[in-house]
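Here is a walk through one protein model.

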Amino acid sequence: MIARVRRLYHNRSVANTYYADIPALKKEDEKHTNTSQDTKEYDIAIVGGGMVGAAVGCCLASLPLTKALRVAIIDSNPTLGMRKSLPTDDVPDVRVSSITPSTVSFFKDVGAWEYVQACRHAPFDKMQVWDYTGWGYTRYNARDVGKSVLGYVVENKVLHNALLSCLQDTGFADIISPVQVKSVLFKPNSPLVAKSMLSQEPKNNKASPTSYQELKGSSYIRQQLAKVELNDGKYLYARLVVGADGGRSQVRSMAGFQTTGWDYKQHALICTVEVETENQIAWQRFLPNGPLALLPMGKKFFNIVWSTTPEKASELKGMTEDDFIKSVNNALVHDYGSHPQSQFSEIINGRFKWLTGELVPSISEPFQTPPRIIGLSTARMSFPLSLMHASDYASNRVVLVGDAAHTVHPLAGQGVNLGFGDAAALARILNEGIVTGSDIGEISLLKKYERERKLVNLPMMAVLDGFQRIFSADFGPVNLLRAAAFNGVQILGPLKKQIISYAMGEQKLPMFPFNHNRVVDY
């Protein structure tokens, strides 16, 4: 099924001028049929219609020049092009994302946040992080940086549906589903012939076969495009193929991009639970085998993300409901060391206030016991955890975004925020390329995107990987170092504000020029 969900825009003078003499992409010559002989040409083919792939489409639709491009989104999901009405009174799904205020700004700018607001989304204004040894803890409060929220916990299906609804309402892209990409043939690095060459009519009517008419023929143009073959026997041509097809990206493999990374030998167990008392606090305790997070989902529902060994994850999945609830409550409250005490920060703030710098509200907040879990609301699921980074994000006529380019440990919930940052950066750079007359599939333009995003993604990946290794170690000196770090962050106001601003996507690390998930930078 090819669902036509595109509407023409009136303001595309620059883009139409740029593509006017390329017949294969000429807007007034478009034909839209569903016959097996129909071969379509697109400016951009996005492979993968998940959250990040849909975000790329929304970004392209929101910019003045890229919104004139012909875009296809290819996915195997048969319901991708259908408008969905999500209930707000059922149990929250287990698949959720923690999105930053910067990502919220991105959703607002592309017109998708209103759809999230119409569904379930849970803000949190505080966060408590502590070590299983009981030697240290840190509290974060949105008021530390003058904000009302630190972030939102939103079901993936809500984010996805919001982006797709935005695309449907703008009528921007062809949704091609349910199909899979069978192969992609990428041509050598040779940009399309510039308009100035194509528009030079021969002075006489005896043009040679290699001159004007041959250059202007669609067969020549197609030779320069990427050819995408689908598993239903059809194929299409595109000036640029965007790989948004996840961690096991076929586009990445077909483009020949190498990857580096490692298996953490951990699985993340996820589920939705009900707690005794409602609150808007995100909780995370670092255990010997990995962190256990409790994320608010609204009302008395919370999402659990428990990173642990594969054996422990299997054991937890096989437990009865009562035994599982008991295990989670013990892991959050009773097991291992005692609760961190607040006397250390009280003493420092009382006698050595000059050491702490600017005071923030959370400095005086004592350790708080997390809410008691009283019920299991969904099935338990688990998946392996790993780090992966593609050696290249871009080559001629192909570019990677999101998990296709990088995957990270979920301990800080930054994976999807990085992906949305990729989407916004790619759209912006393509828009800039059209302004300068560049071919949007040319490697020199796409490498600009790669350089920018690597400067963003690699530091965040290094930070998260370092956290995972430090907090998974159970060794005396390392334990003391962790405790000192927790207590230091808790009492040092300026440092805490820097960490919060960085995690929210509103401030860069001092040594890097780009924000790690600052997705709105048009």
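Contact here means heavy atoms within 4.5 Å. This is a predicted model, so local features need pLDDT of at least 70 and side-chain atom pairs count only at pLDDT 80 or more, while totals for chains, interfaces and linings use all residues. Residues are numbered from 1 along each chain as its sequence is written, and side-chain values use heavy atoms, with hydrogens and water left out.

Start with the whole. The protein has 17 helices and 21 strands; these are DSSP runs, helices being H or I of at least four residues and strands E of at least two, numbered from the N terminus. Of its 522 residues, 56% are buried, meaning under 20% relative accessible area with a 1.4 Å probe, protein chains only. Among contacts between residues at least 6 apart in sequence, 80% join residues at least 24 apart.

Now the interior. A nonpolar core is a set of buried Ala, Val, Leu, Ile, Met, Phe, Trp, Tyr and Cys residues joined through side-chain atoms within 4.5 Å. The largest one has 85 residues, and Ile46 and Leu60 are among those with the most contacts inside it. Helix H14 (residues 415-435) gives this core its largest share, 10 residues. A second, separate core has 31 residues, including Val94 and Phe486.

Last, look at Asn141. It lies in strand S7 (residues 137-141). Asn141 counts as buried because its relative accessibility is 2%. Which residues does Asn141 touch, not counting those up to four places away in sequence? They are Asp125, Lys126, Leu150, Ser362, Glu365 and Ile500.

Note on methods
Buried < 20%, exposed > 50% of the residue type's maximum accessible area, 1.4 Å probe, protein only.
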